[in-house]
Amino acid sequence: MLAEPLSPALQKLRLDDGRPVEWAVSSGYVDYAAAEAFMEARVAAIAAGEAAEMVWLLEHPPLYTAGVSAKDEDLLDAGRFPVHRTGRGGQFTYHGPGQRVAYVMLDLNRRGRDVRCFVRGLELWLIGALDRFGVQADVRPGRVGVWVERKGPGWSREDKIAAIGVKVRKWVSFHGISLNVEPDLDHFGGIVPCGIQDHGVTSLVDLGVLTTMDEADAALHASFGRIFGAAVAVDPPFASATKG
């Protein structure tokens, strides 16, 4: 399926005019408030025609974020990590070390002005990246994000491996996706992730895929190109804190 051409509806997400997306990767941990402030400024500049589109890959220190649909009762341990109220779509989610966050600042004026199609593109981007590790993932009706099915003798369950939460202003997107590479899965226990209580959370390493963040980034870059078009490496927006 992933090797097949994109449907006509999704073709509009690609730009073939020679203007690649900027692809920035930060080392260390990036403060959430600083990242959000950068996105706000960059989105305004993109909307004004003063800056290029950007995908920014990073890791945050441990924290919870609440989207516009978040329910207070889904914050199970308010004192565990800092909680950031944000304007993205969705409910509560966790960000932390070992999770690759990608903030996606794309000009949807040039990519079809179709939010539903854009979100489908994000889903296929993640599914394609996971496919490169031999992980079969997909979406589920009524549930946000990307899921894998796990089976054993006499049991099966579905776990979430990647989350999606976006906002669009003047037809420019921001916030984006998160892929669980090797986070501490116990950290998700302080919330009801995305308001879904009946399913679990997993990661590439939890599935037995022993990969590095650099390898995950390479898979994301390759899959992004198929869905959205070329992306070229640039310096990250600002220096981040050292891991330790």
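Predicted model: local features only at pLDDT ≥ 70, side-chain atom pairs only at ≥ 80, totals over all residues.
## Starting with one arginine

Arg110 has a partner: it forms a salt bridge with Asp17, with the closest N and O atoms 3.1 Å apart. Arg110 lies in the loop between β6 (99-105) and α3, while Asp17 lies in the loop between α1 (8-11) and β1, so the pair ties together parts that are 93 residues apart in sequence. Asp17 also counts as partly exposed, at 40% relative accessibility.

The structure holds 16 salt bridges. Another of them joins the side chains of Glu53 and Arg111, at 2.8 Å from N to O. This pair links distant parts of the chain: Glu53 is in the loop between α2 (32-47) and β2 (54-59), Arg111 is in the loop between β6 and α3, and 58 residues separate them. Glu53 is buried, with a relative accessible area of 5%, and Arg111 is buried with a value of 1%. Now look at how these residues come together: Asp17, Arg19, Glu53, Arg110 and Arg111 are linked in a network of salt bridges.

Elsewhere, the side chains of Arg140 and Glu158 meet in a salt bridge of 2.8 Å, N to O. Arg140 lies in strand β7 (residues 138-140) and Glu158 in strand β9 (residues 155-169), so this pair ties together parts that are 18 residues apart in sequence. Glu158 counts as buried, at 18% relative accessibility.

## Rings that pair up

A search of the whole structure finds 12 aromatic pairs. In one of them, the rings of Trp23 and Trp125 have centres 6.4 Å apart and planes at 65 degrees; angles over 60 count as edge-to-face, so this pair is edge-to-face. Trp23 sits in strand β1 (residues 21-29) and Trp125 in helix α3 (residues 115-131), 102 residues apart. Trp23 is buried at 5% relative accessible area, and Trp125 is buried at 0%. Ring pairs also link Trp23, Phe118, Trp125, Phe224 and Phe228 into a cluster.

The rings of Phe81 and Tyr94 have centres 6.0 Å apart and planes at 40 degrees, so that pair is tilted. Phe81 is in the loop between β3 (63-66) and β4 (83-85), and Tyr94 is in strand β5 (residues 92-95). Both Phe81 and Tyr94 are buried.

## A charge over a ring

Finally, find Arg143: its charged end sits over the ring of Trp147, 4.6 Å from the ring centre.

How values were computed: Residues numbered from 1 in each chain as written. Heavy atoms only, no water. Phe/Tyr/Trp six-rings, centres within 6.5 Å; stacked < 30°, edge-to-face > 60°. Helix = DSSP H or I, 4+ residues; strand = E, 2+ residues; numbered from the N terminus. Buried < 20%, exposed > 50% of the residue type's maximum accessible area, 1.4 Å probe, protein only. Lys NZ or Arg CZ within 6 Å of the ring centre and 35° of its normal. Salt bridge = Lys/Arg side-chain N within 4 Å of Asp/Glu carboxyl O.
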